[in-house]
Amino acid sequence: MPVRDDAAALVELRGLSKRFGANWALDGVDLRIDAGEIHGLLGQNGSGKSTLIKVLAGYHAPDAGELRLNGRVVSLPLSARQLKQHRIRFVHQDLALIPSLTVLENFLSGDFGLRRGLAPLRWRRESAAAREVFATYGLDLDPNVLVRDISRLARAQLAIARAVRDLGTADDDGDGGLGLLVLDEPTAFLPRDEADNLFRLMRAVTDRGAGVLFVSHDLEETVDITDRVTVIRDGKLVGTVATQQTTTNDLISMIIGHTLAPRATVPESARPTGDTDVRVSSLSGPLVREASFEIRHGEVLGITGLIGSGFEQIPYMLFGARHATAGELGIGPDRFAIAPMTPRRAMDAGLALIPNDRAVEGSAPSLTIGENVALPTIDRISQWGRISESRLTEYAASLTQELDVRPSDPRLPYAALSGGNQQKVLLAKWLATNPRLLLISEPTQGVDVGAREQIFRLIRGVAAQGCRVLCASSDLDQLAQVCTRVLVFRRGRITDEVSGGSLTKHGLTEVLFRSDAAVAQQS
Amino acid sequence: MSNSGPVGVSTDSPRLGTDAPSPASHTAPRPARRSLGGWLEIAALPLAWVLVIAVFSILKPSTFLTLANFSNIFGSYSVPFILTLSLVLPLTCGDYDLSVASVAAMAAMTTAILNVNHHWAIVPAIVAGLVVAAVLGLINGSIVIFFEVDSLIVTLGTSTVLQGVLLWISGSTTISGLSPSLVQSVIGTKLLGIPLSFYYGLIICVVLWYVLQHTALGKRLLFVGRGRTVAKLSGLRVARLRLGSFMMSALLAGVAGIVYAGITGSADPTSALSFLLPAFAAVFLGATGVIPGRFNAWGSLIAVYFLATGITGLQLAGAASYVQQLFYGGALVLAVTFAQLSRRRETRVEDTAQ
């Protein structure tokens with residue numbers, strides 16, 4: 001629990017500001033974390049959360065502001081030496097573990113750089129020391145197994161144990177303080193009961209006097225575990241509250257704010273006729289459980305969720321690009337089992353997938369625009385098996401011109417295009433296959449504002465012409481603009497449907513941040 | 001994720017800003033016609049060959065600049081020529097095949113044993129040799145593809161196994177006395193002063209160029225090598241294409257082996273192996289010209305004979321035989337260095353476009 005006000009805080013940020021170009025990512029933010037406290041940090045995507053963490057990690061130099069560690073002002077940006085001295089440790093969502101090495105090797109990985117190159121490693125002693133640390137925190141980890149063979153929960157535990165093993169103990173120099181652990185979305189891929197397990201570990205860390213900064217999208221978890229919560233919005237501090245004295249609804253309004261609701265964008269094409277001729281039933285896989293939904297004629301259906309909710313898997317699973325364990329896809333009178341789906345079968349069924357990773361999954365960047373755009377339909381232009389360069393160029397130009405790809409010469413390398421034009425090429429590539437169902441993942445990631453609007457129009461146009469569109473995205477603004485209906489995923493299941501007047505960025509945010517309890521109450 | 005602040009929401013703003021060229025300049029940033037640099041890149045390799053010929057013609061007009069010499073170069077280097085072509089397909093698909101020289105020797109040895117020791121007629125013996133080669137390609141490809149192992153390591157291993165098999169089935173001796181009709185149809189008959197063996201390579205070269213450059217299959221193979229994930233997600237049968245390229249590669253290596261047997265009139269268990277490095281040097285050097293950045297048939301042809309001309313010229317000028325190794329080794333390192341440099345330039349284009 002927070003300690004007396006006069007005691008020096010472990011970490012105190014005052015008036016922290018950071019500008020990127022014309023945008024203030026952080027604007028005068030204060031944050032104070034005390035010893036023995038679990039402090040939550042909440043905010044939407046783009047609110048400045050990650051910038052704040054990056055300032056703490058010494059990655060960004062702030063434009064204004066002061067940082068005190070254990071009561072003393074330190075110079076910014078923080079150096080690696082200062083971070084080590086003040087024992088500020090980070091565990092990011094990706095955990096930074098090497099799966100092919102053992103638990104012990106990963107546990108010691110931070111040490112190898114510090115020891116003398118040829119100094120002998122006494123594995124038996126190191127192993128015993130690691131077991132002791134694991135025992136202290138009540139973890140059941142075997143130092144000698146490979147990380148790839150342990151569960152997701154065990155990996156998170158290992159990453160945290162590695163970060164905190166010397167926090168809260170007496171310090172050799174006496175000036176290092178008790179230490180701070182920053183957890184950035186550590187529970188994103190964990191089911192709730194396993195997340196509880198991590199919370200016990202966090203408590204064990206604070207019981208030893210260290211502080212924890214817990215960054216999460218998940219409101220419910222944040223309320224359950226933290227002592228105090230700081231909310232930031234649009235780079236500004238909204239406030240810091242004691243968790244006990246607040247409600248989930250208070251926090252939601254702090255996160256979203258009470259600005260005027262923006263215009264409700266109802267796309268012109270939003271006239272679903274009621275035909276439900278695309279139907280997905282009981283789709284299940286590693287991160288998705290029993291998802292069922294329909295896409296109506298003329299509709300752009302959006303799916304979204306927080307990190308780890310599994311929504312982003314859906315397009316890939318339908319297309320046979322990621323493994324699904326069960327499920328059925330109905331298009332018109334046809335029925336397809338999803339588990340044995342392959343990209344080839346999916347294409348035969350009339351599916352098209354535009355993945356979010358354009359450089360690896362969407363294209364071969366070193367080949368030309370023409371070659372990339374024509375790939376799935378290239379047989380159309382072969383005469384007696386022959387394809388001339390000029391025919392390819394002509395065909396590619398006919399596909400890309402409609403979508404206003406610039407520069408328009410299909411003989412240029414795909415890599416030479418901007419993000420927006422690269423995406424238009426991929427749209428052209430797949431629209432040429434005349435799909436019945438178009439699956440798009442993050443359609444405007446890395447796309448500038450002008451092209452973004454063009455791509456929105458294209459997607460709506462495709463839907464208006466009768467192709468069903470499924471759009472998976474974590475960009476709520478985008479979903480509000482392009483979709484007629486949005487399904488919200490939570491821990492692999494569909495928990496909400498947003499459409500009509502509440503389909504705005506704010507409406508979606510509210511649903512995303514609502515706790516499971518609130519969802520249960522409502523339904 | 002867009003910056004979700006009020007600034008990021010203003011999607012109505014009409015500025016088609018940071019995105020490549022402005023609407024006014026509808027032309028490509030690079031002109032559609034090739035620049036001088038582009039032409040130079042395409043023509044550098046052929047020009048280098050012409051230059052080498054010119055230099056040695058001036059230095060040694062009496063021995064170098066003769067029909068007999070060129071006939072000799074084209075004929076005797078047809079084996080490395082065909083072996084180089086055999087590498088084009090797997091490399092295009094992103095796979096290394098280090099076993100081509102051993103496969104060539106296996107095809108030659110099979111043909112020789114059947115023809116000489118078992119008195120098969122030469123044609124069935126050759127067919128048997130080619131079948132053995134294709135089967136070896138199938139084995140290589142199956143291991144690489146179905147167990148998802150690195151092709152470099154697998155073919156290094158199978159190549160060594162084959163060397164053992166060669167010594168075993170041949171009794172570690174050269175098998176000579178192959179049917180004279182084979183010798184006649186490979187090296188004995190000349191067309192325009194050049195032995196037929198060169199024309200076999202030329203036919204393969206034309207077919208390979210046509211398939212890679214002018215068919216849908218060629219484009220698919222290219223995608224398998226350049227972006228295996230996008231190839232899969234675009235519905236290509238990636239495993240089948242790779243397997244096919246391994247088999248085709250082995251079959252062409254088998255042809256190279258049989259041509260070699262025809263040139264020497266015999267088959268021996270080890271000498272074909274010395275062609276492996278020259279083939280790799282030539283195929284990488286060939287990828288720097290004609291269609292820069294892509295493994296291609298004409299580039300391979302020019303690279304093989306550029307290297308051959310240089311070596312022959314130097315030997316006529318009195319250089320010792322070790323000049324071969326200097327030449328081939330140096331060419332391989334230079335070629336991959338060039339390729340890396342031009343790839344770096346390509347990525348720079350990408351960076352500025354973002």
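1. Of the 523 residues of chain A, 49% count as buried, a residue being buried if 20 or more other C-beta atoms, placed from the backbone, lie within 10 Å of its own, exposed if 12 or fewer do, and partly exposed in between. The model is a predicted one, in which local features need pLDDT of at least 70 and side-chain atom pairs count only at pLDDT 80 or more, while totals for chains, interfaces and linings use all residues. Residues are numbered from 1 along each chain as its sequence is written, and chains are lettered from A and ligands numbered from 1 in the order in which they are written.

2. Chain A holds 18 helices and 20 strands, taken as DSSP runs numbered from the N terminus (helices H or I, at least four residues; strands E, at least two). Of the contacts in chain A with a separation of 6 or more, 71% are between residues 24 or more positions apart, where contact requires C-beta atoms, placed from the backbone, within 7 Å.

3. Strand β3 (residues 38-42) of chain A has five of its five residues buried. A:I38, A:G40 and A:L42 lie on one side and A:H39 and A:L41 on the other, with both faces covered. In a regular strand the side chains alternate between the two faces of the sheet. β3(A) runs parallel to strand β8 (residues 211-215) of chain A, joined by four bridges, and also pairs in the parallel sense with strand β9 (residues 228-233) of chain A over four bridges; pairing here requires at least two DSSP bridges between the strands. A:L41 has A:V215 as its bridge partner in β8(A) and stands opposite A:T230 in β9(A).

4. An open sheet of six strands in chain A has the order β16-β17-β18-β13-β19-β20, with mixed pairing. Its edges are β16 (351-354) and β20 (493-499), each with a single partner strand, so one side of each is left without a neighbour in the sheet. Neighbouring strands are turned by 20° against each other on average, direction ignored. Strand β19 (residues 485-490) of chain A pairs with β20(A) in the antiparallel sense over six bridges, and A:V488 stands opposite A:D496 in β20(A). Helix α17 (residues 505-513) of chain A lies across β13 (300-305), β19 and β20 of chain A, running at about 155° to β20(A); axes are lines fitted to C-alpha atoms, for helices over the stretch in contact, and angles run from 0 to 180 degrees between N-to-C directions.

5. A:V278, placed in strand β11 (residues 278-284) of chain A, counts as buried because 25 C-beta neighbours lie inside 10 Å. A:V278 and A:E294 are 16 residues apart in sequence and 5.6 Å apart in space, C-alpha to C-alpha. Residues that A:V278 touches, not counting those up to four places away in sequence, include A:E294, A:I331 and A:R468.

6. In chain B, the buried residues of helix α9 include B:S197, B:F198, B:Y200 and B:W209. Seen down the axis of α9(B), its buried residues fall within an arc of 165° (taken from the directions from the helix axis to the C-beta atoms), so they line one face of the helix. On the other side of α9(B), B:I203 and B:V207 are exposed.

Definitions and conventions
Contact = placed C-beta atoms within 7 Å.
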